[in-house]
Amino acid sequence: MKIENLDPKESKGSILAQSYNLSDRTLSKGTYVSEAMVELLTKENVKTILCAVPQEDDMHEDTAAEAISKAIDRNQLYSEESSTGRVNFRTPTLSLVRYDRDLIKKLNLVDESIAFSIVEHNQLLAKNDLIATLKIIPFFVSKICVERVVSLISKNELFEIHRLEEKKIDLIQTYHNWQKKSIFKATSNVTKSRLETLGCTLKKERLIPHDHKLLCSEIKSSIDSGAQILLISGASAITDRSDFIPKAILSEGGEIIQYGLAVDPGNLLLIGQIGSATVIGMPGCARSPKLNGFDWVLQLLLADIPINKDELADMGAGGLLMEIASRPLPRALAKSVNKREKKIMGVILAAGNSTRMGKDNKLLKKFGDAPLIRNTVIEMLKSDLDSCSIVLGYQSDKVADVIKDLNINLILNPLWKEGQASSLKAALNTLDSTYSDILIMLGDLPGIKSGHINRIIEEHLLTNNRKSKITIPSFKGQKGNPVIWGKSFFYDLSNLDGDVGGRTLFSEHPAAINLLEMDDPWVVTDTDTPEDFENFLNKSIEGQ
């Protein structure tokens with residue numbers, strides 16, 4: 001191909017290399033120069049036009065793209081029609097895409113005019129998601145280059161699509177008596193949601209004491225009833241091959257394929273086999289909806305891809321997931337999950353004993369005609385939150401009594417003396433997979449109204465990638481409350497200890513901070529002491 005300035009009368013069969021504005025229309029770059037266009041240009045008295053002129057052995061971009069795409073997709077299952085030298089390939093159903101990276105590289109080394117781009121190896125794709133795109137970069141390309149690419153592809157599958165198939169999946173959870181049952185309910189909900197996204201349902205689930213004989217019995221029952229994949233979530237993490245879950249697998253005549261996974265989070269995953277059934281000892285992080293190594297293993301199993309040591313070792317390349325999930329859900333699946341997970345739960349932390357207030361429980365002090373905590377709950381319930389909960393501890397019976405007629409979920413924190421972190425854990429343990437965000441409200445912020453809360457909610461919902469954002473109201477640069485946390489931080493919040501709140505995480509995630517400047521100081525005005533409370537009452541009276 002050559003780029004030349006031509007008289008329109010000599011340009012027929014070439015391609016416009018730039019756009020031209022005529023009196024009644026625009027001729028766009030890339031347009032084929034036809035006889036009718038030559039007449040139009042002549043009538044407009046255009047003397048020369050810049051054209052892409054093919055050489056003797058050149059092919060038009062669309063013809064070349066069509067030839068290569070037919071070699072890639074021999075059965076025409078994935079490829080769309082070529083246009084402007086581009087062919088897109090889309091998946092017909094929920095699938096994993098797999099390929100040999102070296103083969104993709106060889107194709108792209110044939111000639112710089114031919115470019116093939118594909119999603120990551122083992123990427124999960126929903127129906128009609130983009131698998132790959134082929135682009136002929138210039139308007140014309142050498143026929144020899146096209147033939148080389150076609151020859152290369154004819155000897156190999158450039159990529160493979162593995163459909164996800166529904167399997168019979170059971171879940172067994174074991175518990176210690178001292179553990180809260182809400183943890184296991186949350187694990188069940190997260191697992192169901194995870195499977196639903198992959199086109200599966202949980203056939204059977206059992207919650208049993210952490211006992212070897214009981215576990216062996218439940219494993220046998222699941223295998224005998226035809227479970228193809230058995231998930232086991234133990235009361236404690238698996239520490240090695242001689243631990244509780246692997247021992248039970250061996251006792252039932254199974255084998256351990258591998259303990260440990262080169263994906264983080266997800267290191268403590270175990271994979272075993274009993275007959276034709278695959279058994280997965282779930283890592284602790286599988287209790288969270290956040291992407292982890294368990295997801296990748298589950299996807300391979302549903303795609304009928306054999307699990308072996310080579311396959312598992314290969315996961316290490318790209319297996320450090322960190323804060324931003326690598327190989328996330330495909331766009332279409334993410335939308336369907338977001339439909340279920342757009343709910344925001346509001347939580348009031350009201351378990352402390354307000355030592356700085358003296359002998360009085362500040363939450364029960366009168367504010368207007370009602371106790372402070374009742375006013376706080378009413379404002380929360382008037383807001384756009386999808387649900388509201390309150391964590392109680394100190395004098396829980398008295399606090400519960402003044403809000404007993406209000407539609408708010410009561411969460412009892414028996415460990416309230418350990419500090420605010422225990423209340424955060426208690427609240428997070430009640431979350432199911434339908435909640436994507438949590439708003440944390442302190443019980444001693446009497447100036448916060450439903451309007452404040454709604455502004456913070458609106459700001460958070462408009463934020464890109466809100467699951468990895470922390471939306472914080474501020475006044476004159478001072479960070480305040482309440483704060484909305486995206487679901488990426490649920491794990492970190494639940495792992496805090498002592499008398500600390502979520503604010504300790506702010507400095508660790510500066511890029512996640514989404515500040516919303518407010519017009520009044522109520523977002524930074526709490527009532528820790530009797531003086532604070534009196535000052536607030538005086539200010540609120542002045543403002544009336």
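This is a predicted model: local features need pLDDT of at least 70, side-chain atom pairs count only at pLDDT 80 or more; totals for chains, interfaces and linings use all residues.
Local features need pLDDT of at least 70 and side-chain atom pairs count only at pLDDT 80 or more, while totals for chains, interfaces and linings use all residues. Residues are numbered from 1 along each chain as its sequence is written, and side-chain values use heavy atoms, without hydrogens or water.

Six strands (DSSP E runs of at least two residues) form an open sheet of mixed pairing, ordered S15-S14-S16-S19-S18-S17. Pairing requires at least two DSSP bridges between two strands. Neighbouring strands are turned by 20 degrees against each other on average, direction ignored. S14 (residues 169–175) runs parallel to S15, joined by seven bridges. Ile 172 has Arg 206 of S15 as its bridge partner.

Helices are DSSP H or I runs of at least four residues. Helix H5 (residues 181–197) lies across S14, S15 and S16 (229–233), at about 160 degrees to S14. Angles run from 0 to 180 degrees between N-to-C directions of axes fitted to C-alpha atoms, for helices over the stretch in contact (heavy atoms within 4.5 Å).

A nonpolar core is a set of buried Ala, Val, Leu, Ile, Met, Phe, Trp, Tyr and Cys residues joined through side-chain atoms within 4.5 Å. The largest has 58 residues; Ile 348, Ile 390, Ile 438 and Trp 485 have the most contacts inside it. Apart from it lies another core of 34 residues, including Leu 96 and Ile 305.

Glu 379 is in helix H11 (residues 372–382). Glu 379 counts as buried because its relative accessibility is 11%, buried being under 20% relative accessible area (1.4 Å probe, protein chains only).

Methods. Buried means under 20% relative accessible area, exposed over 50%, partly exposed in between (1.4 Å probe, protein chains only).
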